[in-house]
Amino acid sequence: MESKPHIAVIGLGYVGLPLAVALAEHYPTIGYDVKSDRIESLKNHRDITREVSQQQLADSDVRFTTDSRDLADANVYMITVPTPVDYNHTPDLSPLLAASQTVGKLLKKGDVVIYESTVYPGATEGICAETLSAVSGLKLNQDFYLGYSPERINPGDKVNTLQTIVKVVAGSTPETADYINKIYQKIIPAGTHIAPTIQVAEAAKAIENTQRDINIAFMNELSVMFHEMDIDVLDVIAAASTKWNFLPFKPGLVGGHCIGVDPYYLIHQSQQSGYFPQLITTARRLNENMSGYVSERILKLMALHSKHIVKARILIMGVTFKENCPDLRNTRVVEIKDQLERYHARVDVCDPWADAADLEREYGMTLTQKPQTGHYDLVLLAVAHDCFKEDNYKPRQFCSEDGLVFDLKGLLPKSEVDARL
């Protein structure tokens, strides 16, 4: 760890690309991804995640490649691949293990491997280190060293960015932690926090998003509860927010790669250790059921207005997992569409932020680029994109004469909608 860092970033998605671009301002940096179309786009200065601008890519010194042999000269490897769950909500570490095997084949004495992917406590020094050792024949903390610095990227957020969020770092030895910390300090003006162990850093990442999941689950339960009392939950939240220590979370769908996934990693490891977490599990169940609840609310709203769901024309506005962002990972809007179509509704989806090819590839869905004015029996405002407040996207214009607007996100004034969550 005496030599100047030569860095390879493995995985160039929402996390890896901004990291590589920032590092390249200070260190020789190469960016690696297995997707050839992704690398080709980046070489042409185009980032479909919209996290890095065309000008930033044009000015960057990052070398992009799909050939792992190009990484051989690196002495610091940063792994930023996805860590999803499977259909049973069990952690799927296959992308992480594949990246570890790729790095293991290149590993040399003195090299440092830093993981940014979200994992359960113990995974980095356990399954990841074991894979690196098995492939390379080298020993942890004798021949190579480990670091963990959990990503805190918030897709679509141009205020809380890589550079403005404090970075948690940890190393397999105190010397490694110090070495890694100096690397990140170069690119993080907001500062760093050295965790005492890698497991502490892993656990910190897991609870950050689990806390948000629990808070949103509380609001979702309030939404269901107050609806039965004929009370608008958003009015209640607005009133409660006048107290200085009230946290104004809002109800809604919980998707994305973090909040809807990370709690399962914590649940998994806790169960392995002999404790079944009750609050976290209940919160997950509440949030998992929200798409079904929204579908039921739509059916009831239509029934109260004497509208048949069979062959009803429904427009869903927004399909990404959050506002002002093209990220489609784990979006729950898809479930609402599927549920409505089971009742033989005819459902269109429009979203100016979503990539049509990605949506077709991931979910088999076709985007409606220009919804027909005055056509739909019901419009569901599912994602709070800023553009949906503009005149050319106002939901009411797409409704038939007696059409309904259901505002899932509370984006519009109550006077402009027929129902909201």
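## Asn 141, partly exposed

Asn 141 counts as partly exposed because its relative accessibility is 31%; on this scale buried means under 20% relative accessible area, exposed over 50%, and partly exposed in between (1.4 Å probe, protein chains only). You'll find Asn 141 in the loop between helix 5 (124-136) and strand 6 (145-148). Helices (H or I, at least four residues) and strands (E, at least two) are DSSP runs, numbered from the N terminus. Leaving aside neighbours within four places in sequence, Asn 141 is in contact (heavy atoms within 4.5 Å) with Ser 172 and Thr 173. From Asn 141 to Glu 360 it's 219 residues in sequence and 45 Å in space, C-alpha to C-alpha.

A word on the model: it is predicted, so local features need pLDDT of at least 70 and side-chain atom pairs count only at pLDDT 80 or more, while totals for chains, interfaces and linings use all residues. Residues are numbered from 1 along each chain as its sequence is written, and side-chain values use heavy atoms, with hydrogens and water left out.

## Helix 2 and its buried face

Helix 2 (residues 36-43) has the buried residues Arg 38, Ile 39, Ser 41 and Leu 42. Seen down the helix axis, these fall within an arc of 160° (taken from the directions from the axis to the C-beta atoms), so they line one face of helix 2. An α-helix has 3.6 residues a turn, so residues three or four places apart point the same way.

The cover over those buried residues includes helix 1 (16-23), strand 2 (29-32), helix 3 (54-59) and strand 3 (63-65). On the face turned away from the buried side sit the exposed residues Ser 36 and Asp 37.

## Positive phi

Most residues other than glycine have a negative phi. Just after helix 2, though, His 45 takes a positive phi of about 65°. Asp 230 has a positive phi too, near 60°; this residue lies in the loop between helix 7 and helix 8 (233-240) and counts as exposed at 73% relative accessibility.

Then there's Lys 311, not a glycine but with a positive phi of about 65°. Lys 311 sits in the loop between helix 11 (290-304) and strand 9 (313-317), and is exposed with a relative accessible area of 57%.

## Two nonpolar cores

A nonpolar core is a set of buried Ala, Val, Leu, Ile, Met, Phe, Trp, Tyr and Cys residues joined through side-chain atoms within 4.5 Å. In the largest one, which has 34 residues, Ile 10, Tyr 77, Ile 79, Val 113 and Tyr 115 touch the most other members. A second, separate core has 33 residues, including Leu 253, Leu 301, Val 334 and Val 347.

A pocket is an open set of points on a 1 Å grid over the protein atoms alone, with protein on both sides within 12 Å along at least five of seven lines, and lining residues have an atom within 4 Å of a point. Of the 46 lining residues, Asn 154, Arg 212, Ile 259, Lys 322 and Glu 323 lie nearest the pocket's centre.

Helix 7 (residues 198-228) gives the largest share of this lining, with seven residues. Thr 210 is in helix 7 and counts as buried at 4% relative accessibility. Beyond its neighbours within four places in sequence, Thr 210 is in contact with Asp 262, Pro 263, Leu 266 and Ile 280.

Technical notes: 1 Å grid on protein atoms, 1.4 Å probe; cavity = no way out; pocket = protein on both sides within 12 Å on 5 of 7 lines; lining within 4 Å.
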